[in-house]
Amino acid sequence: MQDDRVGSPADGTPDQQTLVSPNNPCPFLRALVAGGFVGGHIVPLPKLTRTIEAATGNKGLKERLDGLAIYGVALAANGLSLRRLWRSWRSGAQLDALRDGPLDKHGVGSRILDAKAEVHEAEIARLAKFGKDRPDTAGGVERGLTSREITAYMKANFERAKGSRRPIDRFLMRGEWPILLNIMGKGEGNKRYLSVAEVRTLFVERRFPDRIVARLLSAPAPAKGGLARFLGKALLWTGAATAAAVIAIAEFPDQVGAIITPLAQLLPPPLPDTPATKAAVWLDQNWSTEDRHWFHHASQGTATFPVPYDWFVALEQPGIRLVGRPGLLKDSDYLERFGFLPSPKTIHTDSATLRHFGYSSSSNAPPIPESAAHLKPTPAENFDGLPVGFARLVGGADPTTGKPALDRLGLTCAACHAGSIRYKGTSVRFDGGPAMVDLFKLEQATGLSIFYTVYVPGRFQRFATRVLGPDPDPAAYNQLKNDLSATWSTLRTQIKIQGKAYAKDTLEGFGRLDALNRIGNQVFYIDLDLSGLRGFEKNLRARDAPVSFPPIWSVPWFWWAQYDASIEQPLIRNAGEALGVSALINLSPDAPLAALFRSSIALENLDRIETMLRGPNPLEQDPKGFAGLKSPKWPSQVFPDDPAWKIDPARVARGRAIYAEICAECHRGPVDDAVFDSQFPEESFWSISKEGKWDKESEGKWISDGPVFNPVQKAVGGMGTDPAQAEVLHSRMVAVPGFLDMQPERDLGQVWGCQGMPAASTDMQFSLALMIAVDRTNRKWMDDHNLSKEDREALWGKRTNCPNPKIQKIIHYRARPLNGVWATAPYLHNGSVPSLYWMLRPAAERPTQFCMGLRDFDPQQVGYRVVEGEKPSCRKGEILFSATNPDGSAIHGNGVLGHSLEGTPGPDKPGVIGRKLTDDERYDLIEYLKTL
């Protein structure tokens, strides 16, 4: 039916008619115009606001808050440009020009009213199917929809519009039907419903129910003259300014934060928009789909997030919404904007669902070996559809109090060590590689989500409903409110205390983390503080040595782990990482002495992860090779028709010779190139030390007594690369409480046979204090689980928990084999070089700035494309990596120099490792590196 119908005027009589423009698509506003309550063209914002306020029936503060929200929405209804906002503020909302504006859903909604303003009865009938018959106030029965049924209806509408919908449309829907329920609903609480008959009258006849008309007619007239008029204008200007501020914060938070820096701390961090993914594929790396999914969601025993699991999944995303409600913090599409990879709720599903997430429905991967210590890993589930790297820590007892604990949410190994690249809409994913995640922004968003839930009206009520269910017990409701407020109070205090140390942080950004300093801050300040120990703020240190997440394939077979070759014992490495990601630990002086170092660490899962990565003895394979998690192969098969991904055999042959000349000295030969081993047998990665002993003379070779590979270590001064990460364990000191009784000479010297350990002190080298703390944590776990002597020895293996003697006096970096190097951009340990191409240019020519985020991979430069001389222009939410401050001074930890191919190496040329290559030679070597 065409929109030449009429509505009832304000006096309720049907004989007066007011035409409504088809370009006014809002049924509520159409009824206001038809009824003569407002004009049909331009309506001053105060008039429109007062009218809709009256329709709600609310009074007092709730009415004022409604008015501010109404004013903000009306201000933005015709457009969000500064010019349009100014016109709306000055003149009013143009109701006959709302179609195609910011609030128009373009057919994604109910479709009751189409673009020509025709009403479709079939769609009203469809709406009715989502409701139920309910008793009305007159004693009869009528069809109506409650809030829950309206939500189901909106969800169905959104699904129906697949292919033409926008993410914003889901939020716009919440500004339509839930608002109508609020204004026109009957009943109270969860029984409040929206009458389908009244909806039909609203759409078809453009008439309000009598009770709404009564509210509109009883609205007080605006004050006139004198003080009242002055106050009214003042209130109007205040409201306008407030509404403008709300709109600016809601619609342009990134720009507002950039202009008003102090306010940025209260605004959600800017995030990139997730690029559309046409296809996804997890590369074959010798793991089954079952094992891969377990790795993605198996708990290390960490409680990374400062709230229980059920709270986290109930929190809303930070930020203000003009229309509708924010999404949930747990929503995968939101967390993907931090760089995380989506993951299915279960792999026991149909093949189409598995393909959507990139998983294969079948695999020829061998089974994972059983634990040498007979440990049984815990199951891993992902019922809430969280991304890769999120794991539920199930209950158990609090390590300090022994009381039952709520489930918590932590990050897994996969959060930082499951990588991906994007290329023309395809997401290529692989385990063990560096993740392109920004954990600092996730920390910010989580804290702000708690803050907004405490202080933004309406949020806590929704949060409580999700946690406690509808109509919660008042005592439980109040307890939850007090607990959440206490959590925010603790967070706020810690932010203030830690803010002093973190003022000198080096920005980590996507794909980087200062893991060592973060572990030190966690164990020797945060964990001590949580255990009731005060006064250890001096242990905090700026997070100023960020590194790229290292690849972890092959690592279990290396004698020394970490970029700086600082950790030998795998169990210390893995449990130390879990403590750094906030595993719970008892360091309290008030707890029984026997309970010290009891923790939530899941050593059984850490052992399985190490076993999965390690696989069987590579020296016993035929041919020799790694048989656990294998490094990802160059994915040319994923892009068969794209010449950029094809391998050039002639370039590979030339690149192999260049590799032998320049790279093999430190990185040794490739792990699986038989041609290289036959041409350059002296450089073979699989060379075995003749001595067969654990000594420094075996560098770059395998030690058969283990077996273990002893990677080449190079002094930082000679390599010329940024020394910040290597200096952390070498020079950082921490204070430790005396009651912990940490004695390096006893705990490391006598127990492990470490040489030259200092005597007991409450001030000691960070590296030694961490080794002792993690050692005791592991031993406490073994005691609590009654492990036999044989199982303990199997868990520890042959490697000791001793410092690397080579780096005690001179800091070094470890060179790893380059298998899978194509998948590990950006390069150098600190992620300061965007691609292999720039890695092979002389260091002085490398870019000192480039953008990091959810960028497309460049198969030619192999990494992130940077054009020489081009000034980087980062897109929304991306992070600008920079080696220097605006004044030209160097940023600590962000050096791009060293490891330079520019001439003949020598003692007087620090940082020079080889001759300068021609551009053709660079691309030859790059082509060979793709094949490793």
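## Strand S9 and its sheet

Let's start with a pairing: strand S9 and strand S10 (residues 426-431) run antiparallel and are joined by 6 bridges. The model you are looking at is predicted. Two of the cross-strand positions are handy to have at hand while you follow the pairing:

S9 belongs to an open sheet of 3 strands, ordered S6-S10-S9, in which the pairing is mixed. S9 and strand S6 (279-282) each have a single partner strand and stand at the edges, so one side of each lacks a neighbour in the sheet. From one strand to the next, the twist averages 20°.

How many of the residues of S9 are buried? In S9 (residues 418-423), 6 of 6 residues are buried, so to speak a mostly covered strand, where buried means under 20% relative accessible area.

In a regular strand, side chains alternate between the two faces of the sheet. For S9, both faces are covered. One side carries Ala418, Ser420 and Arg422, and the other carries Gly419, Ile421 and Tyr423, all of them buried.

Notes: Residues numbered from 1 in each chain as written. Predicted model: local features only at pLDDT ≥ 70, side-chain atom pairs only at ≥ 80, totals over all residues. Heavy atoms only, no water. Buried < 20%, exposed > 50% of the residue type's maximum accessible area, 1.4 Å probe, protein only. Helix = DSSP H or I, 4+ residues; strand = E, 2+ residues; numbered from the N terminus. Pairing = 2+ DSSP bridges. Axes fitted to C-alpha atoms, helices over the stretch in contact; angles between N-to-C directions.
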